[in-house]
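Please keep the structure open while reading.

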Amino acid sequence: MAPSLEEIDLRSLLHPWTSISEHAKVGPLVMHEGHGARLRDTQGREYIDGLAGLWCVDIGYGRSEVADALAQQSRQLPYYHSFSSMTNQPSIELADRLQQLAPWPIARVFFGLSGSDANDTQFKLAWLYHKLRGAPAKRKIISQERGYHGVTIAAASATGLPSAHAAFGLPLDGFLHVRPPYPYREMKAGQSEEAFVAELADELDAAIVREGPETVAAFIAEPVMGAGGVIVPPEGYFPAIKAVLEQHDVLMIADEVICGFGRLGRPFGSQAVGIEPDLVTLAKGLTSGYAPLSACLLTQRVWEVLEREAETLGVFGHGFTYSGHPLCAAAGLANLDLMKNEALFERAAKLGVHLQARLNELFADHPHVGDVRGMGLIGAIEMVRDRDTKEAFAADEKLGPRVFRRLLERGVIIRAIGDCLAFCPPYVIEVEDLDTVLERTREVLDELTP
Ligand SMILES: Cc1ncc(COP(=O)(O)O)c(C=O)c1O
């Protein structure tokens with residue numbers, strides 16, 4: 001008998017962000033098709049996708065408008081590069097569209113393929129910016145513990161998760177992490193949000209001064225942390241951080257890979273949390289995952305230095321074979337058309353209000369939920385053994401992964417980040433399906449934490 005897909009997978013694929021030993025025991029789940037927020041695997045089992053793939057399928061699955069755009073473009077011109085002044089129509093149009101969509105004056109757009117490579121590009125742009133201004137020693141990158149910025153060597157170094165570092169001898173020198181704006185775990189009992197924000201801003205200031213401001217290039221942060229546990233910064237956090245950065249001539253990179261394109265109820269996540277960025281990273285929602293694409297947005301502040309020093313610089317020695325790939329850009333354009341024509345940012349904002357309200361109704365009083373948090377159409381609950389002391393469950397209980405598995409058996413997909421359960425559905429999810437995701441999660445939580 002021919003081997004099954006599962007058997008072939010087990011002997012052929014190295015899965016990203018997967019335990020090798022666990023995978024050998026559990027085996028793969030082979031997804032077959034999708035429509036809206038619903039998925040079906042190769043065994044015919046149905047799922048409601050409460051995580052939009054990996055925080056990216058904002059427009060939902062099975063959108064023929066994007067499929068048609070991809071087919072049309074692949075017939076007309078499947079590939080052409082952007083090196084040496086070459087280019088193609090979809091990438092020009094998409095850069096223009098992003099300039100129009102952004103609430104900041106965006107001078108240039110650089111295309112890559114993933115959030116990780118885009119953040120590596122941002123660090124190189126920050127280094128270049130300072131070098132061209134006569135400060136080549138400004139190279140250090142500061143990020144937050146628990147922040148997620150990708151897995152290429154520089155992006156992984158900026159990521160603030162031990163699981164991205166330990167096995168690989170990372171972070172590289174010159175990457176530092178500061179305490180995250182994580183009220184539930186980092187704010188002292190009785191401390192006001194204002195005082196907490198001031199403390200974090202002071203800590204950032206102290207870190208820059210300790211390192212030497214003449215050595216610090218940029219600070220990178222997500223508007224709301226996604227993969228680190230859906231952590232929402234307190235009011236005033238980013239303005240306070242920006243004031244410190246300005247004082248030390250340090251650039252602000254907004255990593256909008258999850259929060260961009262309406263996820264937080266505004267077109268860009270930065271608008272929802274008061275970030276004034278110098279560089280903006282986009283990916284995921286840019287094509288809703290239909291094709292791999294990322295974008296680095298350069299504000300005028302950064303671009304004017306590159307432009308002014310262009311003669312000195314000569315060639316901008318950076319770029320990928322697939323930078324400005326016409327298929328990916330065509331998918332991006334069709335995706336943005338759908339978002340506009342179907343008013344999906346507005347839909348996400350509306351559904352977001354529902355998500356936050358239902359999360360609170362269903363979980364705020366649960367004896368094993370310490371924190372309910374979120375913004376717009378992204379949310380999380382943090383499960384704890386003891387609500388009063390915030391004591392976590394023992395890691396070897398693997399509560400989060402067990403909740404995830406049991407939900408999967410019941411046809412619901414969410415993400416377990418340790419003992420935080422994250423929800424980030426497509427914008428097109430039906431309210432009933434969203435309710436089902438949350439209600440089943442509550443049922444499973446009750447069963448596993450009696
Ligand atoms: C905020 C953020 N930045 C960067 C990345 C890395 O993107 P990619 O996996 O496309 O390299 C991710 C991926 O989840 C992310 O959530």
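Which strands does helix H18 lie across? Helix H18, residues 431-448, lies across E11, E12 and E15. The model is predicted.

## The sheet

Four strands make up an open sheet. Their order is E11-E12-E15-E14, and the pairing is antiparallel. The edge strands are E11 (369-375) and E14 (415-417). Each of these edge strands pairs on one side only. Neighbouring strands of this sheet are turned by 20 degrees against each other on average, direction ignored.

E14 and E15 (residues 420-423) pair in the antiparallel sense. Three bridges join E14 and E15. Ile-417 stands opposite Cys-420 in E15.

## The helix across the sheet

Strand E12, one of those that H18 lies across, spans 378-383. Relative to E15, H18 runs at about 165 degrees.

## The H4 and H15 pair

Helix H4 covers residues 64-76, and helix H15 covers residues 326-341. Their axes come within 8 Å. The axes cross at roughly 150 degrees. Angles over 145 degrees count as roughly antiparallel, so H4 and H15 are roughly antiparallel to each other. The crossing of H4 and H15 is right-handed.

On the H4 side, the contact uses Glu-65, Val-66, Ala-69, Leu-70, Gln-73 and Ser-74. These H4 residues meet Pro-326, Leu-327, Ala-330, Ala-331, Ala-334, Asn-335 and Leu-338 in H15. By class, the contact of H4 with H15 has nine nonpolar residues, three polar and one charged.

How values were computed:
Residues are numbered from 1 along each chain as its sequence is written. This is a predicted model: local features need pLDDT of at least 70, side-chain atom pairs count only at pLDDT 80 or more; totals for chains, interfaces and linings use all residues. Side-chain values use heavy atoms; hydrogens and water are left out. Two strands pair if DSSP finds at least two bridges between them. Helices (H or I, at least four residues) and strands (E, at least two) are DSSP runs, numbered from the N terminus. Axes are lines fitted to C-alpha atoms, for helices over the stretch in contact, and angles run from 0 to 180 degrees between N-to-C directions. Contact means heavy atoms within 4.5 Å. Angles under 35 degrees count as roughly parallel, over 145 as roughly antiparallel, 65 to 115 as roughly perpendicular and the rest as oblique. A crossing is left-handed if the near helix is turned anticlockwise from the far one by less than a right angle, and right-handed if clockwise. Ala, Val, Leu, Ile, Met, Phe, Trp, Tyr, Cys and Pro count as nonpolar, Asp, Glu, Lys and Arg as charged, and the others, Gly among them, as polar.
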